[in-house]
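Hi,

Here is the structure I promised to pass on to you. Have a look at it first, and then read my notes below.

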There are 2 protein chains.
Amino acid sequence: MIAPWEMEPVGPLTAGIDVGGTKTALVVTDSRDRVLYEQVVATNRASLVGQIAELVDTARRQLRTESGRDVEAIGVAIPGRVDTAHGSVRMAVNLGITDLALGPLLKAESGLPSFVEHDARAAALWLSERDTPTGCPSLAYLAVGTGISAGIVIDGELLRGDNGLAGEVGHVAADPDGPVCVCGLRGCLEAVAAGPAIARQADEAIAAGRSTSMDAHPSPADVFRAGLAGDELASEITGSVADHLARAIRALALTVGVKRVVLGGGVAAAGPALLEPIRARIDHERAISPLVETAFADATLELLSPVTEAGARGAAAIARRRIGSPQREEVGER
Amino acid sequence: MIAPWEMEPVGPLTAGIDVGGTKTALVVTDSRDRVLYEQVVATNRASLVGQIAELVDTARRQLRTESGRDVEAIGVAIPGRVDTAHGSVRMAVNLGITDLALGPLLKAESGLPSFVEHDARAAALWLSERDTPTGCPSLAYLAVGTGISAGIVIDGELLRGDNGLAGEVGHVAADPDGPVCVCGLRGCLEAVAAGPAIARQADEAIAAGRSTSMDAHPSPADVFRAGLAGDELASEITGSVADHLARAIRALALTVGVKRVVLGGGVAAAGPALLEPIRARIDHERAISPLVETAFADATLELLSPVTEAGARGAAAIARRRIGSPQREEVGER
């Protein structure tokens, strides 16, 4: 998978893995952030560590054969409350993880130094570094997939928060009378606007006999497609998702003051069908409120294709940074 | 007003003024943050600059007479979008300010270097510095008065945001079907939970014939008092305010990750009648959701008495810092 024009990787190669509720992606990149190898599989929740180790192993074998190079470290991007010092992850509700010593287990399995970072933060850091110095020093990456969370970079620094939960906007109240969220609370943003919420709303309406052009059990992508094609039920659902995400983006702009918001995650695969309705709602609010107009003046709202694998590339970059750090033994790879 | 045990002020004296939608407070403090003079008046929206200059003038005359000391600089804490470099303030909707060159005007009027800071940020910085090094390096000060806004300190640094609007959580959506806010949008937190919203809800219910022990046109303090005394209408209103503020605090904990939240502003004068229902709601969410439990574990939620004048003291501290800074001419007092 190494393209001919990239036959000479620079610096240490690292593997970055983004473990999502639906799919797991692996990339191997060099120090210039060039992708030398890439693979995407369905997430095996029953054997996360085994699956990651196997993915890395396959990549290493192929890279050794093709270029004689090996992977030197592993970075994993994963949702939940990540302890980067110990490489552990807790409360990744969408993966069924209560507490997992992911870094140490992966090191034992692969023999490679293994680091763990929160998925949205890994992606946000990658976006921030990729676009510096031309870009904005602060940004929020809002990942909308099986869950919803944000990675927030302020002046080039990742915001972690004293409680380690900075960016967990998926569990901010969006509709207090809404459905119960996987976290236990009612009406979290995630419970009304993430992928499963989109599918559930369609399922419920279809089960209740609403007429629609959609087949039974549509995916979020099916719902967005049907909405674009004029299906009334689908438009209602995607309109509600856009309402909630536009408000969440306003909340980010008026809480942390970011002028750059990047939307990503599996649901973002819907592309303009997701982005444009959100943009229209923000533009409408800007026309009404001088405060919102100021908040979003010169602001950018972008869509990151899920194919970009920002989380996996960020994880690979973080692994490379960690093995290059003199504090590696202290902070990293136990 | 100088207490006998404080007869020898240390370092330069500065005046700090907190301009609120309802009242304006002035303090004069020394470099040990001791209050040497204090006065609170009703805000004169028609003549803000004149009122501040007059307050400062009165304080200076008294201090000169009593201690032979003079005020060396002025700091003003004010809501809205503050440009600290130019000393200007825009969009202070609750004060009817569109754009005001407050610092330059005040300097022309008083002859003293004059600095301007956002009110909640001034208070947050004061709280953060007062409690360091024993306290938490990060905190959010949530001011609930005529408006609602937050001052956010991350690792000892004020968060301003690329758009200058970090902390403007009063205009985050709280109830999308709620009343229209002064900012123009519908259902902002401020429109359902700030002082005027509390008074308006009582007025509307009384006008609609709801039975209550409250007199016509109760103040927010009256509503909290009646709620404590068991008045059903008042309890409904204060319960709804507590719902909204508890959600706003959860949003702060899950967006910027703070473990210390301080509630202040005029509405906070209600004391435990405001704080305890909020605490109860957060405790309830903690019991349901492991994520919220983690977010608030070891966290503190405090109430700051409005008598503390955190905004005015923060403004005085900022003025002292600015005149002590070598960059004063560049950044400050034009």
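**What lines the largest cavity**

The lining of the largest cavity is made up of 18 nonpolar, 4 polar and 2 charged residues. In these classes Ala, Val, Leu, Ile, Met, Phe, Trp, Tyr, Cys and Pro are nonpolar, Asp, Glu, Lys and Arg are charged, and the others, Gly among them, are polar. Before going on, please note that this is a predicted model, in which local features need pLDDT of at least 70 and side-chain atom pairs count only at pLDDT 80 or more, while totals for chains, interfaces and linings use all residues. Residues are numbered from 1 along each chain as its sequence is written, chains are lettered from A and ligands numbered from 1 in the order in which they are written, and side-chain values use heavy atoms, with hydrogens and water left out.

Back to the cavity. Its volume is about 480 Å³, and the count comes to 1 cavity of 30 Å³ or more. A cavity here is a set of points, on a 1 Å grid over the protein atoms alone, where a 1.4 Å probe fits but cannot get out; a pocket is an open set with protein on both sides within 12 Å along at least five of seven lines, and lining residues have an atom within 4 Å of a point. Grid points are joined across faces, edges and corners, and a volume is the space filled by probe spheres set on the points. Of the 24 lining residues, Val172(A), Ala173(A), Val172(B), Ala173(B) and Ala251(B) lie nearest the centre of the cavity. Helix α7 of chain A and α7 (232-255) of chain B each supply at least two residues of this lining.

The largest pocket holds about 980 Å³ of space. It is lined by 48 residues, and the closest to its centre are Gly20(B), Gly21(B), Gly145(B), Thr146(B) and Gly147(B). By class that lining has 24 nonpolar, 18 polar and 6 charged residues.

For the second largest pocket the volume is about 850 Å³. Here 49 residues form the lining, with Gly20(A), Gly145(A), Thr146(A), Gly265(A) and Gly266(A) closest to the centre. The classes are 24 nonpolar, 18 polar and 7 charged residues.

**Chain A and confidence**

Chain A has 11 helices and 13 strands (DSSP runs numbered from the N terminus: H or I of at least four residues for helices, E of at least two for strands). Its radius of gyration is 20 Å, close to the 20 Å that the globule rule gives for 334 residues, so chain A is as compact as a globular protein of that length. That radius is taken over C-alpha atoms, and the rule is 2.2 Å times the number of residues to the power 0.38. Of the 334 residues of chain A, 58% count as buried (under 20% relative accessible area, with exposed over 50% and partly exposed in between; 1.4 Å probe, protein chains only).

How confident is the predictor? The complex gets an ipTM of 0.91 and a pTM of 0.91. Chain A averages a pLDDT of 92, with 93% of the residues scoring at least 70; pLDDT is the predictor's confidence in each residue, from 0 to 100. Among the elements of chain A, helix α7 (residues 232-255) has the highest mean pLDDT (98) and helix α11 (residues 328-331) the lowest (40). Over residues 327-334 of chain A the pLDDT is below 50, and this stretch has 20 contacts in the model beyond near neighbours in sequence (contact means heavy atoms within 4.5 Å).

Best wishes
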